Amino acid sequence: MIEYEIQANTRRCALTGRDLKPGEKFYSVLLDVAGKFERKDYSSQAWQGPPANAFSFWAGRIPLADENRRPPIDDEMLMDCFQRLEGASEPDRVNFRYVLALLLMRRKRLKFEEALHEGDHEILQLRCARTGAQYRIVNPRLIEAEMAAVQEEVFKVLGWQ
């Protein structure tokens, strides 16, 4: 089993080298480089879409210095929601579950094991860090606008908006 560590936000644009300012929107990309995840952050001005070899990408915003922090994330609530969506085939639910899986991976609750190809679908094999339970997640290959919309929906569920 391989465990992947994902670096924190660099707060620097990978393309221009410019520091990202508080309040500024940015994009992050995960690339699979020789079996390790490599994170690159981009300013919204330099963003030209995810590279062809991107494993995943998302949008964010550099927090303001005086900005209130988001409430803590309830990992158990996320896992419960994630598990309840298992077997769902509706596109909105598949997309929502995929974004939850990415968030749970970022929080180190789920661990990436491998990517499988079944027909024209990519399936992510994940393992729960606490229980060892294995999960298969369909990668819906969301485009940028779709990813942003699903992230917004997940953040609403979390009470972040």
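Biologist: Which side chains does the polar contact of 2.6 Å join?

Modeller: In this predicted model, that contact links the side chain of Glu122 with the side chain of Asn139. Glu122 belongs to strand β5, and Asn139 is on the covered face of strand β6.

Biologist: Is Glu122 buried or exposed?

Modeller: The cut-off matters here, since buried means under 20% relative accessible area. Glu122 has a relative accessible area of 11%, so Glu122 is buried.

Biologist: Which residues is Glu122 in contact with, once neighbours within four places in sequence are left aside?

Modeller: The set consists of Ala115, Leu116, His117, Ile137, Val138, Asn139 and Arg141. Of these, Ile137 and Asn139 are on the covered face of β6, whereas Val138 is on the uncovered face.

Biologist: In which sense do β5 and β6 pair, and over how many bridges?

Modeller: Strand β5, residues 121–128, pairs with β6 in the antiparallel sense, over 6 bridges.

Biologist: How many residues lie between β5 and β6 in the hairpin?

Modeller: There are 5 residues between the two strands, and in the turn Gly132 has a positive phi of about 80 degrees.

Biologist: Which residues other than glycine have a positive phi?

Modeller: Two examples may be given. Arg141 has a positive phi of about 50 degrees and is located in the loop between β6 and α3. With 49% relative accessibility, Arg141 counts as partly exposed. Arg11, whose phi is positive and near 60 degrees, lies in the segment before β1. Arg11 is likewise classed as partly exposed, at 39% relative accessibility.

Biologist: What is the strand order of the open sheet?

Modeller: The sheet has 3 strands in the order β4-β5-β6, with antiparallel pairing. Strands β4 (110–118) and β6 are at the edges with a single partner strand each, so one side of each has no neighbour in the sheet. On average, neighbouring strands are turned by 25 degrees against each other, direction ignored.

Biologist: Which strands do the helices touch where they pack on this sheet?

Modeller: Helix α1, residues 75–84, packs on the sheet and touches β4, β5 and β6; the direction of α1 makes about 70 degrees with that of β6. Helix α2, residues 91–106, also packs on the sheet with contacts to β4, β5 and β6, and its direction makes about 125 degrees with that of β6.

Biologist: Which residues touch the most other members of the largest nonpolar core?

Modeller: In that core of 36 residues, they are Phe82, Tyr98, Leu110, Leu126 and Ile137. Helix α2 supplies the largest share of the core, 9 residues. Not counting residues up to four places away in sequence, Tyr98 touches a set of residues including Phe55, Leu124, Ile137, Pro140 and Met147. Another core, of 5 residues, lies apart from the largest one, and among its members are Cys13, Leu20, Phe26 and Ala46.

Biologist: Where does Arg12 lie, and which side chain does its own side chain meet in a polar contact?

Modeller: Arg12 is in the segment before β1 (25–33), and its side chain makes a polar contact of 3.0 Å with the side chain of Asp19. Leaving aside neighbours within four places in sequence, Arg12 is in contact with Gly17, Arg18, Asp19, Leu20 and Asp41. Arg12 and Tyr42 are 30 residues apart in sequence, and their C-alpha atoms are 7.2 Å apart. At a relative accessible area of 43%, Arg12 is partly exposed.

Biologist: Where is confidence lowest and where is it highest?

Modeller: Where pLDDT is low, the predicted coordinates should not be read in detail. Here the mean pLDDT of the protein is 84, and 88% of its residues reach 70 or more. Confidence is lowest in helix α3 (residues 144–158), with a mean of 79, and highest in β6, at 94.

Note on methods: Residues numbered from 1 in each chain as written. Heavy atoms only, no water. Buried < 20%, exposed > 50% of the residue type's maximum accessible area, 1.4 Å probe, protein only. Helix = DSSP H or I, 4+ residues; strand = E, 2+ residues; numbered from the N terminus. Pairing = 2+ DSSP bridges. Axes fitted to C-alpha atoms, helices over the stretch in contact; angles between N-to-C directions. Contact = heavy atoms within 4.5 Å. Polar contact = N/O pair within 3.5 Å; in protein donor to acceptor, adjacent residues only side chain to side chain. Core = buried A, V, L, I, M, F, W, Y, C linked by side-chain atoms within 4.5 Å. pLDDT = per-residue confidence, 0-100.
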